[in-house]
Amino acid sequence: MFKDNVVIVTGASSGIGVQLAYQLADQGAWLALAARRLDRLEAVAEECRRRGAKAIAIQTDVTDEAQCKHLIERTRDAYGRIDTLLINAGHGKPQRFDAMHDLADLKAEIALNYLGAVQCVFYALPYLKQTRGRIVGVGSFGGLVGIPGTSGYNSSKHAMRGFLNTLRAELLGTGVTVTILFLGAIRTERLIEAMGNNVDKIPTMSPERCAQIVIDAAAKRKRQVVMTLPGKLLVWLYQFAPGLVDRQLARLPGRVYKE
Ligand SMILES: NC(=O)c1ccc[n+]([C@@H]2O[C@H](COP(=O)([O-])OP(=O)(O)OC[C@H]3O[C@@H](n4cnc5c(N)ncnc54)[C@H](OP(=O)(O)O)[C@@H]3O)[C@@H](O)[C@H]2O)c1
């Protein structure tokens, strides 16, 4: 499906982004890989080329608008067009809102997970309209449900969802489609680092499987995917019995986050 498709993957230096890059490379995509750590990005790009794909590494901090513009223009210059923007760069630092000493972490989460996405879309959209391309956002259950202990991350993912849903409606008739994935816990190095031994107390999915689901949804131009049956149940219950879900989720931080 993605053979010769020009795909920008943000956050391609670790975790899910690496698996997205490898699986797209296996399909023969032309990849532009973005993140801040250039050495790691170069290694991922090298592996993608070894798998037969075209791949370039473009050092980008997506919180910096000028760097987002550079990412998009450098990709267009290298490949002549842009077919898919896969917004995957993201991060969250678990902490209760009433335990924050200041708002620096919350603002950083908004800058990365929400504005980082907006800035990449802003500069890519004119090119995506030319190719009737795809915008794919990697979201989280935290973009659908209020999960205690992650107010900055959750609000940034809610904002990203609102932005992409609005964009989808605005883009009707242009041929550009917008897909959002809502992920549960994915067993990346970062998750293990954040949760310590508690990671074994919750169901997790491998980054490989997660990347397969993202790529399949993108290929089919699906509107949205809530991953896993328990995830779908959680979202459904949140609509009809939100108080019950709140009480269950309220127990979560102490059980799953590293103190
Ligand atoms: N793992 C989970 O359980 C889980 C659950 C739900 C949703 N998600 C979402 O899945 C996506 C990938 O997460 P992951 O678990 O694979 O985490 P990860 O391993 O920490 O990867 C995050 C990626 O984002 C990049 N990144 C961070 N800050 C950036 C910045 N300012 N500019 C550009 N790139 C930046 C990182 O690269 P550099 O540090 O090199 O910049 C890295 O490549 C995120 O959007 C996350 O919110 C993950």
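**Close-up 1. Helices H3 and H4 cross with right-handed geometry.** This is a predicted model. Helix H3 covers residues 65-79, and its axis comes within 9 Å of the axis of H4. The two axes cross at roughly 35°. On the H3 side, the contact is made by Glu65, Cys68, Lys69, Leu71, Ile72, Glu73 and Arg76. H4 contributes Gly116, Gln119, Cys120, Tyr123, Ala124 and Tyr127. By class, the residues of this contact divide into 7 nonpolar, 2 polar and 4 charged.

**Close-up 2. Helices H4 and H5 run roughly parallel to each other.** H4 spans residues 104-131, and H5 spans residues 151-170. Their axes come within 6 Å and cross at roughly 20°. Angles under 35 degrees count as roughly parallel, and therefore H4 and H5 are described that way. The crossing of H4 past H5 is right-handed. From H4, the contact takes in Leu106, Glu109, Ile110, Asn113, Tyr114, Ala117, Val118, Val121 and Leu125. These meet Ser151, Gly152, Tyr153, Ser155, Ser156, Lys157, Ala159, Met160, Phe163 and Leu167 of H5. The contact of H4 with H5 holds 12 nonpolar, 5 polar and 2 charged residues.

**Close-up 3. Helices H8 and H9 pack at an angle of about 125°.** Their axes lie 6 Å apart. That angle makes H8 oblique to H9. H8 covers residues 229-240, and H9 covers residues 242-250. Leu234, Leu237, Tyr238, Gln239 and Phe240 are the H8 residues in the contact. Across from them, H9 supplies Pro242, Leu244, Val245, Asp246 and Leu249. The class count here is 8 nonpolar, 1 polar and 1 charged.

**Close-up 4. The structure has 0 disulfides.** Cys68 is in no disulfide. The cysteine sulfur nearest to Cys68 belongs to Cys120 and is 3.8 Å away. A disulfide needs the two sulfur atoms within 2.5 Å. Cys68 has 0% relative accessibility, so Cys68 counts as buried. Cys210 is in no disulfide either. For Cys210, the nearest cysteine sulfur is that of Cys48, 16 Å away. Cys210 is also buried, with a relative accessible area of 0%.

**Close-up 5. Ala185 sits in the loop between strand E6 and helix H6.** E6 covers 177-183, and H6 covers 189-195. Ala185 counts as partly exposed, at 22% relative accessibility. Beyond residues up to four places away in sequence, Ala185 touches Leu191, Ile202, Pro203, Thr204 and Met205. Cys210 lies 25 residues from Ala185 in sequence. Their C-alpha atoms are 9.8 Å apart in space.

**Close-up 6. Arg36 lies in the loop between strand E2 and helix H2.** E2 covers 30-35, and H2 covers 38-50. Is Arg36 buried or exposed? With 59% relative accessibility, Arg36 counts as exposed. Leaving aside residues up to four places away in sequence, Arg36 touches Gln59, Thr60 and Asp61. Gln130 is 94 residues from Arg36 along the chain. The C-alpha atoms of Arg36 and Gln130 are separated by 28 Å.

**Close-up 7. Asp4 has a positive phi although it is not a glycine.** The phi of Asp4 is about 60°. Asp4 belongs to the segment before strand E1, which covers 6-10. At 34% relative accessibility, Asp4 is partly exposed.

**Close-up 8. Thr228, not a glycine, has a positive phi of about 70°.** Thr228 is placed in the loop between strand E7 and helix H8. E7 covers 224-226. Thr228 counts as partly exposed, with a relative accessibility of 35%.

**Close-up 9. Gln212 is part of helix H7.** H7 runs over residues 207-219. The relative accessible area of Gln212 is 40%, so Gln212 is partly exposed. Gln212 and Gly52 are 160 residues apart in sequence. In space, their C-alpha atoms are 19 Å apart.

Technical notes. Residues are numbered from 1 along each chain as its sequence is written. This is a predicted model: local features need pLDDT of at least 70, side-chain atom pairs count only at pLDDT 80 or more; totals for chains, interfaces and linings use all residues. Side-chain values use heavy atoms; hydrogens and water are left out. Buried means under 20% relative accessible area, exposed over 50%, partly exposed in between (1.4 Å probe, protein chains only). Axes are lines fitted to C-alpha atoms, for helices over the stretch in contact, and angles run from 0 to 180 degrees between N-to-C directions. Helices (H or I, at least four residues) and strands (E, at least two) are DSSP runs, numbered from the N terminus. Angles under 35 degrees count as roughly parallel, over 145 as roughly antiparallel, 65 to 115 as roughly perpendicular and the rest as oblique. A crossing is left-handed if the near helix is turned anticlockwise from the far one by less than a right angle, and right-handed if clockwise. Contact means heavy atoms within 4.5 Å. Ala, Val, Leu, Ile, Met, Phe, Trp, Tyr, Cys and Pro count as nonpolar, Asp, Glu, Lys and Arg as charged, and the others, Gly among them, as polar.
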